[in-house]
Number of protein chains: 2
Amino acid sequence: MAKLNNALLRSGICIILVTFALVGAHAQTDPLPSWNDTAPKKAIIGFVEKVTKENTPDFVPVTERIATFDNDGTPWVEQPMYVQLAFVLDRVKELAPKHPEWKTTQPFKGVLDGDMKAVAATGEKGLMQLIAATHAGMTVEQFQQLVTGWLATAQQPKFKRPYTECVYQPMLELLAYLRANGFKTYIVSGGGVEFMRPWTEKIYGIPPEQVVGSSIKTKFEMVNGKPVLMRLPDINFIDDKDGKPIGINQYIGRRPIAAFGNSDGDQQMLEWTAAGDGPHFMLLVHHTDAVREYAYDRQSSFGRLDTALDEANAKGWTVVDMKNDWKTIFPPEQ
Amino acid sequence: MAKLNNALLRSGICIILVTFALVGAHAQTDPLPSWNDTAPKKAIIGFVEKVTKENTPDFVPVTERIATFDNDGTPWVEQPMYVQLAFVLDRVKELAPKHPEWKTTQPFKGVLDGDMKAVAATGEKGLMQLIAATHAGMTVEQFQQLVTGWLATAQQPKFKRPYTECVYQPMLELLAYLRANGFKTYIVSGGGVEFMRPWTEKIYGIPPEQVVGSSIKTKFEMVNGKPVLMRLPDINFIDDKDGKPIGINQYIGRRPIAAFGNSDGDQQMLEWTAAGDGPHFMLLVHHTDAVREYAYDRQSSFGRLDTALDEANAKGWTVVDMKNDWKTIFPPEQ
């Protein structure tokens, strides 16, 4: 009997030690160390703890824990211009020697002269010409290589570091925290899906199949007996504003329970998330830090935050004041 | 000392027991019990063992283990007609009392009279009219409810059981076996993505976000202050033939390393998979069992297997002879 008790005691101690080890590992880590201890951090943690607590009315099964993130301006920088636009401009300059006619034809002339007003004046037609010249006429693998090669050397002009390091450390922590709590994290961006997929896994831990974005059409062709997907100069889908809930429904087929954005382009995604039956969480990043990053909102030509900010304030969505709520902006230099 | 030894001995026994339990569970189970011990089963297991063996040239990291499955005729029955077409016909009959004009207008008259030749004669225009009448003009949630409700009562005419039980037991085992080996399993079907998503998780263990299919357009609208996605009578994407690699690239953004189909509609998906740089596996289900299921291939109007069978034979893709390679066809009745 003493022996049995002894054995039971030892098993018990084992279990207790293991339990302590697990609980300890859980309790001692602040999941969001780059966030100040202000309202947004509390709201995030409160939401995650609520939906992960089993046997409570707000519990959400793991399979339904879908979180969608805008890209430009949400986990990475979008000023002084969208990163993909910087890629377009650099690509035009690189290809220009083969296209002497570009010296006199808009929108290419504007790009080569650094005259962005002239480029903008060409409107949607000009944009399509730029996309056709820089994004189409090659296979999906070739485009992927171009993007990867460009990102390896291009630098963000203000911070003088690669764009892939101009990502927000607090948002990287948030992505990891959500995943550690069973969330599936998605990018849902107006940017090109094939522009993002080559690097989202490395930078955000988000695999290609969890990236939703704008796209051009592709064509299946046999080249020397080998199938390729050729990129065509035709828009397939614009994943912005109304397009975001449409894209979410089309690609994911589930409504997110948490959505993160920074501009009016994300408003419908947050509205769609807010209209879900169960618990839901909506957050906007407000760029208020002109020193450490940029400060812009209602008047910005990129990433304008105007009507979405009004709706957030009216409905109590979480708004991150970057200057006050984030301890650090970028990860340490690599 | 005796006490210490005793404790160590007990710990040791614990470890050994746990180890045995784990090894035993692994070794004693045939992962594909409904497959006869013929070439396809050996080829599948050989491929999976090859790509999961670490530190070998053919090892494939878990993130790249993408397997795509056609739906109609691959994990579930597609005869005597595509299940989604049966849904369309039933839906037209259900809605007919509200549309007296259908009694005299094709393709609806043909559906109501059971005259499928007359329906077929209306061609693509007629098909679009049927889709508009049965698939559009409602929200995505309403459509999902319609599909779920219909599947709960509809019966496959030959087997007199729900369509969701007319799934192939060997393919269910294959899906589970691949997932147990780190594969992410996808449906890539010419069928409607929103027709499949309501039930793929329950039937195949494949969540909505891993279903790629054909789609109609949707529109984001506010109805009484609540956002909805309305289904429009416009084709968005046809995920068949050339569309399968295009859809895979668009939705998944990675090339599969294993692809499973049963018809010429899957040929390009298998070609795309076969053109990958690393190890890859292509399989066609050949419906050869007129007694236990159906026998059809080159002359069939549904799920025709003709040029894809030639290519499979020429290139050594695995072909399942349903009659000889499958021990059982369907799961036990529920």
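Student: Which residues does A:D70 touch, not counting residues up to four places away in sequence?

Tutor: A:D70 touches A:P75, A:I187, A:V188, A:S189, A:K244, A:F260, A:G261, A:N262, A:D266 and A:M269, where contact means heavy atoms within 4.5 Å. Keep in mind that this is a predicted model, where local features need pLDDT of at least 70, side-chain atom pairs count only at pLDDT 80 or more, and totals for chains, interfaces and linings use all residues. Residues are numbered from 1 along each chain as its sequence is written, chains are lettered from A and ligands numbered from 1 in the order in which they are written, and side-chain values use heavy atoms, leaving out hydrogens and water.

Student: Why does A:D70 count as buried?

Tutor: Buried means under 20% relative accessible area, exposed over 50%, and partly exposed in between, with a 1.4 Å probe and protein chains only. A:D70 has 5% relative accessibility, so A:D70 counts as buried.

Student: What makes the link between the side chains of A:D70 and A:K244 a polar contact?

Tutor: A polar contact is a pair of N or O atoms within 3.5 Å; within protein, one must be able to donate a hydrogen and the other to accept it, and residues adjacent in sequence count only if both atoms are side-chain atoms. The side chains of A:D70 and A:K244 make one at 2.9 Å, and those of A:D70 and A:T74 make one at 2.8 Å.

Student: Over to chain B. Why are α3(B) and α7(B) called roughly perpendicular?

Tutor: Helices are DSSP runs of H or I, at least four residues, numbered from the N terminus. Axes are lines fitted to C-alpha atoms, for helices over the stretch in contact, and angles run from 0 to 180 degrees between N-to-C directions. Angles under 35 degrees count as roughly parallel, over 145 as roughly antiparallel, 65 to 115 as roughly perpendicular and the rest as oblique. The axes of α3 (residues 83–95) and α7 (residues 140–153) of chain B cross at roughly 100°, so the two helices are roughly perpendicular to each other.
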